[in-house]
Amino acid sequence: REDASTATAARAAKRARAASAAGEGVVRVRHILIGHQQLRQVDQQARRPPACRNAQEAEETALEALEKLLRDPSIFPKLCRELSDCQSAAQPGALSGDLGWVSRGQLEQGLEEVVFRLGMGEFSDLVSGSHGVHVFQRLA
């Protein structure tokens, strides 16, 4: 019984954070983007062409990155510079992977829904978009 009430409280807190973020209309996020060969849209501004990997391999790489980040969030910049195919990964220091302040309507709808539901400092699950597989972290 206690586990059920704890889970219910956690879901309620997450809904409250999501409602709060939805009201803000703007969030600051960073991400790691893992491209693959089956992209729906070729990213002309990618930092590098997607490695010779399929979508499943991209998901596996992103999942490994997420697991490492959940254990030690401080490694985000290093991991981003090593793995991410996005140009934002080349930014110096802690800015690696930083997408800056994002308003509603700036991202693909599926990505937007995810980043606006995140709590402060929270990591997303894997999110597939037209440029590859993302792991997001909300910064503000």
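Is Gly121 buried, partly exposed or exposed? Keep that in mind as you go through these notes; point 8 comes back to it.

1. **What you are looking at.** This is a predicted model, in which local features need pLDDT of at least 70, side-chain atom pairs count only at pLDDT 80 or more, and totals for chains, interfaces and linings use all residues. Residues are numbered from 1 along each chain as its sequence is written, and side-chain values use heavy atoms, with hydrogens and water left out.

2. The score to know is pLDDT, the predictor's confidence in each residue, from 0 to 100. The chain has a mean pLDDT of 85, and 74% of its residues reach 70 or more. Among the elements, helix α1 (residues 2-24) has the lowest mean, 56, while β1 has the highest, 97. Read anything about α1 with that value of 56 in mind.

3. **The layout.** (Helices are DSSP runs of H or I with at least four residues, strands are runs of E with at least two, and both are numbered from the N terminus.) Going from the N terminus, the order is α-β-α-α-β-α-β-β. Of the chain's 140 residues, 36% count as buried; buried means under 20% relative accessible area, exposed means over 50%, and partly exposed is in between, using a 1.4 Å probe and protein chains only. Now take contacts, meaning heavy atoms within 4.5 Å. Among those between residues at least 6 apart in sequence, 62% join residues at least 24 apart.

4. **Strand β1.** Start with this one when you open the viewer. Seven of the nine residues of β1 (residues 26-34) are buried, so the strand is largely enclosed by the rest of the structure. Two strands count as paired if DSSP finds at least two bridges between them. β1 pairs with β2 in the antiparallel sense over five bridges, and Arg30 stands opposite Asp98 in β2. β1 also pairs with β4 (residues 132-138), again antiparallel, over six bridges. There, His31 has Phe136 as its bridge partner.

5. **The cores.** A nonpolar core here is a set of buried Ala, Val, Leu, Ile, Met, Phe, Trp, Tyr and Cys residues joined through side-chain atoms within 4.5 Å. The largest one has 14 residues, and Ile32, Leu69, Phe76, Phe123 and Val135 touch the most other members. β1, α2 (55-71), α3 and β4 are the elements that give two or more residues to this core, with α2 giving the most, five residues. Apart from this core lies another, of nine residues, including Val27, Val115, Phe116 and Val127.

6. **One side of α4.** In helix α4 (residues 109-117), Leu111, Glu112, Val115 and Phe116 are buried. They cover an arc of only 120° around the axis, so they sit on the same side of α4. (The arc is taken from the directions from the helix axis to the C-beta atoms.)

7. Ser84 and Asp85 are worth a look together. Ser84 is found in the loop between α3 and β2, and counts as buried at 0% relative accessibility. Asp85 is found in the loop between α3 (76-83) and β2 (98-103), and is buried too, with a relative accessible area of 4%. A polar contact is a pair of N or O atoms within 3.5 Å; within protein, one must be able to donate a hydrogen and the other to accept it, and residues adjacent in sequence count only if both atoms are side-chain atoms. The side chain of Ser84 reaches the backbone nitrogen of Cys86 at 3.3 Å, and that of Asp85 reaches the backbone nitrogen of Gly35 at 2.7 Å.

8. **Back to Gly121.** Gly121 is partly exposed, with a relative accessible area of 35%. Look for Gly121 in the loop between α4 and β3 (127-129). Not counting residues up to four places away in sequence, Gly121 touches Gln137 and Arg138.

9. **Ala55.** This residue is in helix α2 and is partly exposed, with a relative accessible area of 27%. Leaving out residues up to four places away in sequence, Ala55 touches His36 and Gln38. The C-alpha atoms of Ala55 and Gln37 are separated by 7.0 Å, with the two residues 18 apart along the chain.
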